[in-house]
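Here is a set of questions and answers for working through a protein model step by step. Please keep the sequence and the structure in view as you read.

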Amino acid sequence: MLVAGGKAERLDTYPSSDVGPVAKEYNLLRADEEYRNGNVEHSIYYQVKAQFQSTDLRYITEAEELQKQRPTTEQLLKVASKQERSDFKSNKFLQNAIKYVQQKELENPPRKLANDALEHLDFLEDVEHPAEGLKRIANICNRLPNEWCILQLCKSFNPATTYSVFNEIQPSPGAIYLSLLSHCRSPQLGPICLRFAGSHMGKLFQEYSTLVDRFRRVVTVDPLNMKGKEAKQKYWEELDAFSVFLNKLVSDLRYTIAPYRFLFFGKRYDCSAVHKQTKIINTLVDDFCLANQWSNHQRVIFSQAAMHANRLDAADLKLICHELCRSQKKTQAVYDMLKGFASDWTQLEERQKLVAKRYPTILVVDERLDHLHWEQMVTVQEFSRVKSLHCLWRLYQHHKAEIRHGYYTTTIKRGMCVINPDADLMNSGRRLRSFFEYWLSDWQHLFETVPTEEVMVKQAYQTDCFVYAGHGSGLQYVNARLVCRARVRSVVFLFGCDSTRMLGTGLYSALYGAHDYYHGALCPSVVGTLMPALDGNMDTISVTVMSLWLAPGDKQVIPWTHIDRASWLKKGIIKGKDQENTPLMSQQPNYHLGSLCSILSLVQQGKVEPSIYNCCIYVCRGLPAWNLAVEKMPF
């Protein structure tokens with residue numbers, strides 16, 4: 001308690017992560033206050049701090065391992081007092097006990113943990129001032145792969161959250177903070193932040209909160225009532241109406257972020273042509289900004305627009321110019337520069353195809369914004385999501401030996417699948433069984449069989465790649481705590497409804513998804529869904545993704561893009577299309593793609609399934625993965 005003239009006692013052990021349901025809101029409130037007061041960098045610090053909560057520690061076992069690590073006999077004797085040493089010489093029982101433990105230590109030497117073993121749990125724990133915290137954040141971002149752009153999305157403070165249930169929190173109004181923690185001018189220029197607010201935001205959040213229930217109402221039908229022509233027609237009309245609704249919702253989200261959707265673009269692939277052009281652009285941008293006394297915020301936005309100018313239409317370019325400056329003369333000058341950069345990039349991309357490709361953008365997404373379709377902002381871009389910068393840092397720390405050019409590199413040779421374990425998805429089970437027996441015949445298969453926890457932990461999670469296809473995420477078959485302790489080394493695919501959707505547990509609490517447990521187990525990458533999907537459409541997308549990323553066990557198979565889809569969907573029969581001379585995989589050296597996120601980008605573009613409710617729900621979480629078994633890196 002404070003007394004007059006007294007001083008508050010500092011709690012040295014107070015963590016930066018929350019210790020109660022109001023702590024996240026406190027950090028978001030501070031973020032709001034700092035932003036409104038013009039302290040944008042301090043606001044960024046509080047936003048980053050708000051995303052890592054003490055409840056996240058339940059997924060992490062490093063701290064528990066440290067607590068369980070007992071001191072060695074050498075350490076015990078070293079810290080003994082003079083009196084204790086004297087007593088030890090005359091105590092035969094203690095001497096025998098020490099000798100026994102020393103013998104056990106020789107047989108099984110205790111594992112020494114690094115001094116910085118907890119560094120990646122909460123790198124903001126002892127920060128006392130936002131300026132110091134921002135330096136820590138910048139230091140973390142600078143130690144992550146230089147190829148990454150790291151973009152954080154955060155929902156603003158809402159006092160009602162602390163006494164609301166999840167279904168009330170999700171549709172609640174608020175602003176969206178978009179922070180570029182690492183960008184095309186890092187580390188020369190620091191992070192920037194934009195705030196998107198407006199009267200339309202409330203409606204956007206409200207309608208997004210109804211999305212899953214709307215879809216379920218449409219597709220949940222009694223098969224016995226679907227035999228008539230009118231019933232079928234009504235079903236497809238309602239599904240088309242939902243598609244129109246979702247298309248408008250995604251368009252509204254794009255409109256909210258416009259004209260700043262170009263900030264979602266990642267860095268271009270590093271090659272001599274890109275390096276040379278980037279140097280020219282940065283020099284011109286810097287000269288213009290210095291001459292006009294522009295801030296670092298304006299310089300970063302101008303630089304990002306210049307790097308991707310050929311991907312923006314004339315209307316977006318004009319809007320960006322007006323956002324950057326109000327002077328008509330300067331606006332025209334910026335527009336002319338961006339048009340020139342667009343022309344330069346277009347010509348360069350035509351001469352060298354590698355110039356058009358970009359490294360993945362890492363999306364750090366607030367759990368309250370995770371159900372929004374952020375990958376639809378720029379569908380040609382590769383993305384991977386994480387729930388906090390802390391989560392990203394921990395995954396990087398563990399896997400950095402395998403990370404090259406911004407990708408977690410793996411060579412998929414061994415794999416295992418668990419397909420339709422409840423044996424109640426007859427059509428889906430038949431289709432997927434035929435695919436795995438045809439394409440991945442050398443994998444370990446588990447069809448229509450409920451796996452034991454031992455099979456999951458000791459076999460499935462220890463392969464190079466694990467695929468689950470069935471109801472939900474598959475966590476109904478294995479205790480989530482066991483997953484966290486399993487150290488999952490596989491790249492994981494979860495093809496089920498809502499498989500990686502964030503869920504609530506009643507009153508305000510940290511949300512959770514299946515991917516949280518896998519990332520707690522240091523699984524590098526998880527692919528899953530944000531909402532339910534129709535089984536035939538999900539099967540089509542899942543096998544297309546796997547066929548593009550995983551090498552077949554036998555090269556004498558038909559490329560999956562050449563199979564008769566109707567025959568496979570209806571009967572599970574794999575055969576070539578009748579009207580063409582079907583090639584074999586041995587004749588298709590460029591069929592595969594090494595980057596998993598690039599394949600998901602194709603899905604997001606609607607190139608596998610065109611309907612918006614089929615293509616926008618698949619996301620990658622964790623580290624962007626590259627399968628070296630199918631494609632070498634082009635760097």
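Q: What is the volume of the largest pocket?
A: This is a predicted model, and the values given here are computed from it. Rolling a probe the size of a water molecule over the atoms shows where empty space is left. For the largest pocket, the volume found is about 990 Å³.

Q: Which residues lining the largest pocket are the closest to its centre?
A: The lining of the largest pocket is made up of 33 residues, and these divide into 18 nonpolar, nine polar and six charged. The elements that each give two or more residues to this lining are helix 11 (229-257), helix 17 (426-439), helix 21 (535-549), helix 22 (565-571) and helix 24 (612-615). The residues closest to the centre of the pocket are Y235, R431, L534, D535 and G536.

Q: How many cavities of 30 Å³ or more are there, and which elements give two or more residues to the lining of the largest cavity?
A: A cavity is a space where a 1.4 Å probe fits but cannot get out, and the count of those with 30 Å³ or more comes to five. The largest cavity holds about 150 Å³ of space, and of the 14 residues that line this cavity, D56, I60, K387, C391 and R394 are the closest to its centre. The elements that give two or more residues to the lining are helix 16 (389-399) and helix 20 (514-520).

Q: How do the residues lining the largest cavity divide into nonpolar, polar and charged, and what are the numbers?
A: Among the residues of this lining are I60 and C391, together with D56, K387 and R394. Over the whole lining of the largest cavity, the division is five nonpolar, five polar and four charged.

Q: At what angle do the axes of helix 21 and helix 23 cross, and which kinds of residue form the contact?
A: The axes of helix 21 and helix 23 (residues 596-604) come within 10 Å and cross at roughly 145°, and this crossing is right-handed. On the side of helix 21 the contact is made by I541, V545, L548 and W549, which meet L596, I599, L600 and V603 in helix 23. The residues of this contact divide into eight nonpolar, no polar and no charged.

Q: Which strands stand at the edges of the open sheet?
A: Three strands form this open sheet in the order 6-7-14, with mixed pairing. Strand 7 (residues 407-410) is joined to strand 14 by three bridges, and the two run parallel; T409 has W626 in strand 14 as its bridge partner. Each edge strand has a single partner strand, so one side of each is left without a neighbour in the sheet, and these edge strands are strand 6 (403-404) and strand 14 (625-627).

Q: Where are the cis peptide bonds from S186 to P187 and between A258 and P259 found?
A: The peptide bond from S186 to P187 is cis, with omega near 0°, and a cis peptide bond with omega about 0° also joins A258 and P259. P187 lies in the loop between strand 2 (176-182) and strand 3 (192-196), while P259 lies in the loop between helix 11 and helix 12 (272-291).

Key
Residues numbered from 1 in each chain as written. Predicted model: local features only at pLDDT ≥ 70, side-chain atom pairs only at ≥ 80, totals over all residues. Heavy atoms only, no water. 1 Å grid on protein atoms, 1.4 Å probe; cavity = no way out; pocket = protein on both sides within 12 Å on 5 of 7 lines; lining within 4 Å. Points joined across faces, edges and corners; volume = space filled by probe spheres on them. Helix = DSSP H or I, 4+ residues; strand = E, 2+ residues; numbered from the N terminus. Nonpolar A, V, L, I, M, F, W, Y, C, P; charged D, E, K, R; others polar. Axes fitted to C-alpha atoms, helices over the stretch in contact; angles between N-to-C directions. Left-handed = near helix turned anticlockwise from the far one by under 90°. Contact = heavy atoms within 4.5 Å. Pairing = 2+ DSSP bridges.
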